[in-house]
Amino acid sequence: MKKIVLMGNPNVGKSVVFSRLTGANVIASNYPGTTVDFSKGRMCLGKEGHEIIDAPGTYSLEPSNKAEEVALEMFGQADLIINVADATNLERNLYLTLQILEQKKPVILALNMWDEARHTGISIDIKKLEYDLQIPVVPTVALSGEGICDLIGRIDEARSPEKIEPMNESDRWIKIGEIIRNVQQVTHRHHTLRDWISEASIQPLTGFPIALAVIVAALWLVTLIGETLISYIFGPLFTLYTPIAMGISTWLGPGFLQELLIGKLIDGQIDYIQSMGLLTTGIYVPFAMVLPYIIAFYSVLAVFEDSGYLPRLATLTDTIFHRFGMHGFGIIPVFLGLGCNVPGVLAARSLETKKQRFIAATLIAISVPCMAKNAMVFGILGSYGTGYIILVFATLFLVFVISGLILNRIIKGDSPEICLEIPPYRKPDTLTVLKKTWMRIRWFLQEAIPFLFLGVLLINLLYAVGFVEWLGGIFAPVIQGWFGLPKEATTALLVGFLRKDLAVGMLLPLGMSPVQLVIATTLLTIYFPCVGTFAVMFKELGIRDMIKATAFMAGTALVVGGMMRFVLLGI
Amino acid sequence: MGIYLWKNTRAPNRLIYIPAVTKLLGIPNVNIMEKPVTYLETGKNAVIIRLEGGYLFRKKMGAMGIREQKTIRLVAKYPFHGPVVVEVDGREMTIGRRMAEHVIIGDPE
């Protein structure tokens, strides 16, 4: 079995080619640095099975960040390379191509985005390019699948040319210059509406108001979609489900099983948030409260990602993010973290230094609430008034800014400047957006449901053995004395380690005032990440930095919780 | 070649040339000038004549398409010493201000 690795510059469409070749779905977007880890898939060629690996994008074979290190590692293992290049930007892409060819591995070149090259007035003579490089060259449009069959058919022809010897950098550019003069012709094109939008959104004067409008519109759209799904689809479904659940409850009769499956009945009725049964709260929280917002958030995010707006946003926020010890690219992990902290922390790989990655990961874990938790905050605090929701997010925003400023001071290391390619705007394809949203929803369901069940089970068990009372007693000085919350809130903080959404739900039966709820939900974000985020932070940062980050979180939780109590509740 | 009259504190190895002063001193040939791309007016083009910096910096810029003899356009410049957006070969990219100050251009077109 051969190992075939997809290599290429960032944002040329390697992940789309990978999806086309293997049928496996991976997240692809329109910004450099979408793929930070490798994905493996299989493809059959004749009778032989091959392993296909999608590697992160890299400009050269000398890595400058963690994602590029992964790419280089994959390159080392490869038996055959499919070099994916951007046809609209051949000259620059050929640098990596030459470097790969110098390494004497069999290579086939896919000239992706062939349609876009044609539209922008670039014509490339494939035959001449094949002759110059002495490897097969296939024009492709991975998004529509054009040329992929041809690519598969010619993989066997991949080879490593004899005449290309290792050379130094300037010789490489000279050679590329010769090739480009020989094969490429560019005709001038007129300015289009797209150029105009691109220009307006990158100029500081117009860019900032546009960014503000875009973000407000996106938030509005997420809540609109979320609330619509809840009131017209998921809510009514559970109204239909209630008689069934009540039937099961009566059939089971009082006892342990009823406790576990249905939970406590409140005034003889099921309360989906407070009952804490596997068949009530255990399915209501993920499906009726969280899932609608997950669908809403990820469909809007997919449009954002595919349009190419994120790198522009990164440019606009660069100056501010430098104050936090990162550069503008840091906004991308933060954005992804708003959906789920795990991909957010992973996306920090595209940052160049350890300091930047540490700050990005810590700030996400400490102050970026994930959509599952947000949905619960909307659901629970929403009934008391929008003001309380704003209070939670305003506090978290302040925590983000202040922690960023502090971390930038105390963490040693460099924070290099931004160096980010701005892709052209592209119209997001409906099918691709839906597919991507569906992948992430499926991922949420696979991850969330088991942990939610585990959480509900744990709550029931802990109550049964009296652990809750005991733990509440131990943490009472902090929770009650310092944060001004009922001591039962300790359990919610414990469950928050498994699922933050469930933990927010657990705060409801404690009979807290709205302001106490604000304090508790804010602390639920700050004090500690959930187990998934914790695991990925451990993997990305290593044990020592993880301990540092955790200590910082605990400290911040103590300070912020105390201050909120002081300001919001009085003493 | 140019006549340098001013030491630039941000990039000590490069000297800045002030046309007004040279004119006053009666030094001719004001338009033969080297200056960093950040001096370009927004929207204007110029040819890159030199990248000032070490091997790694030149390589990093080269890989993004910013190389000698290339025409570069200054798309946008952010206030408060913020980043600079440039365009080379029809591709826009954002680079930090300090990096941009090491990309030396010839006469604006």
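Which strand of chain A is Asn112(A) found in? Asn112(A) sits in strand β5 of chain A, residues 107–112. This is a predicted model, where local features need pLDDT of at least 70 and side-chain atom pairs count only at pLDDT 80 or more, while totals for chains, interfaces and linings use all residues. Residues are numbered from 1 along each chain as its sequence is written, chains are lettered from A and ligands numbered from 1 in the order in which they are written, and side-chain values use heavy atoms, leaving out hydrogens and water.

**Around Asn112(A)**

- With a relative accessible area of 4%, Asn112(A) is buried (buried means under 20%, exposed over 50%, partly exposed in between, with a 1.4 Å probe and protein chains only).
- Leaving aside neighbours within four places in sequence, Asn112(A) is in contact with residues including Val12(A), Gly13(A), Asp86(A) and Thr140(A) (contact means heavy atoms within 4.5 Å).
- Asn93(A) lies 19 residues from Asn112(A) in sequence and 11 Å away in space, C-alpha to C-alpha.

**Chain B on its own**

- Chain B has 3 helices and 8 strands (DSSP runs numbered from the N terminus: helices are H or I with at least four residues, strands are E with at least two).
- Reading from the N terminus, you get β-β-α-β-β-α-β-β-β-α-β for chain B.
- Chain B has 109 residues, and 48% of them count as buried.
- Take the contacts in chain B with a separation of 6 or more: 53% of them join residues 24 or more positions apart.

**Where chain B meets chain A**

- On the chain B side, 32 residues are in contact with 30 residues of chain A.
- About 2,600 Å² is buried between the two chains, and carbon and sulfur atoms give 51% of that (buried area is the accessible area, 1.4 Å probe, that two parts lose on being put together, summed over both).
- The rule finds 7 salt bridges across the interface of chain B and chain A (a side-chain nitrogen of Lys or Arg within 4 Å of a carboxyl oxygen of Asp or Glu).
- Glu417(A) and Arg98(B) pair up in a salt bridge through their side chains, at 3.9 Å, N to O.
- Elements giving two or more residues to the side of chain B that touches chain A are α2 (55–63), β5 (71–77), β7 (91–95) and α3 (97–100) of chain B.
- The largest share of that side, 7 residues, comes from α2(B).
- Sorted by type, the side of chain B that touches chain A has 14 nonpolar, 6 polar and 12 charged residues (Ala, Val, Leu, Ile, Met, Phe, Trp, Tyr, Cys and Pro count as nonpolar, Asp, Glu, Lys and Arg as charged, and the others, Gly among them, as polar).
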